[in-house]
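Subject: Structure for you to look at, with notes on the packing

Dear colleague,

Please find the structure below, together with its sequence. My notes follow directly after it, and I would be glad if you read them with the structure open beside you.

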Amino acid sequence: MSFFLVVCAITGVLYNHQHDFIFLEKGRISTRFLPDNYQERLDRTRKAQGLEQLFPEEADSVPIMWIIQDLHTGQIFGFWGRIFYDILGIMLIILSVTGGYLYLVRKPRSDKN
């Protein structure tokens, strides 16, 4: 579980600073290394934007930011990945609230024997 929190934190920082790093703005990853739905998504996007004939060198690679965003939201793992990330987020909220309660409200016991 902590692995996914680390992935979410790192991708959040990268997503937040995407304009600060050239490789995040201009970098691309070949769809050969990604699940099949990325090529389908890329083809749909290129068709919708009228880019089917333009930039043929980009016809089989996606921007790095697609991967960063999908890792951050859990979408790279499909529907169940998003659900898992939602559960993980809810658990983090519960842990934070109960930890704050224990720290601020409950009094420590004194052990007098």
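Helix 1 and helix 4 are oblique to each other, since their axes cross at roughly 140 degrees and come within 8 Å; here angles under 35 degrees count as roughly parallel, over 145 as roughly antiparallel, 65 to 115 as roughly perpendicular and the rest as oblique. The axes are lines fitted to C-alpha atoms, for helices over the stretch in contact, and the angles run from 0 to 180 degrees between N-to-C directions. Helices (H or I, at least four residues) and strands (E, at least two) are DSSP runs, numbered from the N terminus. This is a predicted model, in which local features need pLDDT of at least 70 and side-chain atom pairs count only at pLDDT 80 or more, while totals for chains, interfaces and linings use all residues. Residues are numbered from 1 along each chain as its sequence is written, and side-chain values use heavy atoms, with hydrogens and water left out.

Helix 1 passes helix 4 in a left-handed crossing, a term used if the near helix is turned anticlockwise from the far one by less than a right angle, with right-handed used if it is turned clockwise. On the helix 1 side the contact (heavy atoms within 4.5 Å) is made by V7, C8, T11, G12, L14 and Y15, and these meet M65, I68, Q69, L71 and H72 in helix 4. The residues of this contact divide into 7 nonpolar, 4 polar and no charged, where Ala, Val, Leu, Ile, Met, Phe, Trp, Tyr, Cys and Pro count as nonpolar, Asp, Glu, Lys and Arg as charged, and the others, Gly among them, as polar.

Within helix 1, T11 counts as buried at 4% relative accessibility, where buried means under 20% relative accessible area, exposed over 50%, and partly exposed in between (1.4 Å probe, protein chains only). Not counting residues up to four places away in sequence, T11 touches I68, L71 and H72.

Helix 1 also packs against helix 5 (residues 79-104), at an angle of about 95 degrees and with the axes 11 Å apart. That makes helix 1 roughly perpendicular to helix 5. Here F4, L5, V7 and C8 in helix 1 meet F84, Y85, L88 and L92 in helix 5, and the residues of the contact divide into 8 nonpolar, no polar and no charged.

Turning to the other partner of helix 4, helix 3 (residues 37-48) packs with helix 4 (residues 64-73) at an angle of about 125 degrees, the axes being 13 Å apart. Helix 3 and helix 4 are therefore oblique to each other, and helix 3 passes helix 4 in a right-handed crossing. The residues that meet are Y38, R41, L42 and T45 from helix 3 and W66, I67 and D70 from helix 4; they divide into 4 nonpolar, 1 polar and 2 charged.

Helix 4 is followed by G74, whose phi is positive, near 85 degrees.

Two further residues may interest you. I29 lies in strand 1 and counts as partly exposed at 26% relative accessibility; leaving out residues up to four places away in sequence, I29 touches L34, D60, S61, V62, I64 and I67. T31 is found in the loop between strand 1 and helix 3 and is buried, with a relative accessible area of 11%. Apart from neighbours within four places in sequence, T31 is in contact with Y38, Q39, L42, D60, S61 and V62. The C-alpha atoms of T11 and T31 are 20 Å apart in space, and the two residues are 20 apart in sequence.

Finally, the aromatic rings: a search of the whole structure finds 3 aromatic pairs, where rings of Phe, Tyr and Trp (its six-membered ring) pair if their centres lie within 6.5 Å, and planes under 30 degrees apart count as stacked, over 60 as edge-to-face and the rest as tilted. The rings of F79 and W80 have their centres 5.0 Å apart and their planes at 75 degrees, so this pair is edge-to-face. F79 is partly exposed, with a relative accessible area of 48%, whereas W80 is exposed, at 65%.

With kind regards
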